[in-house]
Amino acid sequence: HHLPIRDTLDLVGGKWKLHITHALAGGPLRFKELQREIGDITARMLSKELKELEMNELIKREVFATAPVTVEYSLTEYGKTLKPVVLALYTWGAKHRERILKGNKK
């Protein structure tokens with residue numbers, strides 16, 4: 001009964017995965033671009049999270065034969081199906097934040 005929720009949280013939970021997928025929603029990014037877009041994530045953590053997201057078919061890694069080699073990350077079609085989930089979390093979070101901030105002003 002609760003397994004789908006657990007599976008979803010295992011897949012996109014943690015501090016960075018939703019940030020990564022949100023950043024890639026705007027289009028493909030190179031590793032350093034992605035790191036700058038997200039902010040405080042270390043290269044090691046970003047690499048780890050990208051591998052997990054790729055393993056779960058949410059993002060794809062594309063290598064271009066340039067000098068030096070160019071690597072871009074993008075959402076897969078399957079990864080794009082997360083958009084309504086992320087939007088729902090954002091909407092709820094914005095309302096929650098507003099509610100809490102109003103409560104703290106009283």
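User: Is Leu50 buried or exposed, and how do I read that?

Analyst: Buried means under 20% relative accessible area, exposed means over 50%, and partly exposed lies in between, using a 1.4 Å probe and protein chains only. Leu50 has a relative accessible area of 2%, so Leu50 is buried. Bear in mind that this is a predicted model, where local features need pLDDT of at least 70, side-chain atom pairs count only at pLDDT 80 or more, and totals for chains, interfaces and linings use all residues. Residues are numbered from 1 along each chain as its sequence is written, and side-chain values use heavy atoms, with hydrogens and water left out.

User: Which residues does Leu50 touch, not counting those up to four places away in sequence?

Analyst: A contact means heavy atoms within 4.5 Å. By that rule, Leu50 touches Ile20, Phe31, Leu34, Ile59 and Tyr73. Ile20 is 30 residues apart from Leu50 along the chain, and their C-alpha atoms are separated by 8.0 Å.

User: Where does Leu50 sit among the helices?

Analyst: Helices are DSSP runs of H or I with at least four residues, strands are runs of E with at least two, and both are numbered from the N terminus. Leu50 is in helix α4, residues 43–55. The chain has six helices and three strands, in the order α-α-β-α-α-β-β-α-α from the N terminus.

User: What is a salt bridge, and how many does the structure hold?

Analyst: Side chains of opposite charge can pair when their charged atoms come close. The cut-off is a side-chain nitrogen of Lys or Arg within 4 Å of a carboxyl oxygen of Asp or Glu. The structure holds six salt bridges. One of them joins Lys48 and Glu52, with the closest N and O atoms 3.0 Å apart. Both lie in helix α4, four residues apart, about one turn of the helix. Lys48 is partly exposed at 41%, and Glu52 is partly exposed at 26%.

User: And which residues is Lys17 in contact with?

Analyst: Leaving aside neighbours within four places in sequence, Lys17 is in contact with Leu11, Val12, Glu49, Glu52 and Leu53. Lys17 lies in helix α2, residues 17–24, and counts as buried because its relative accessibility is 6%.
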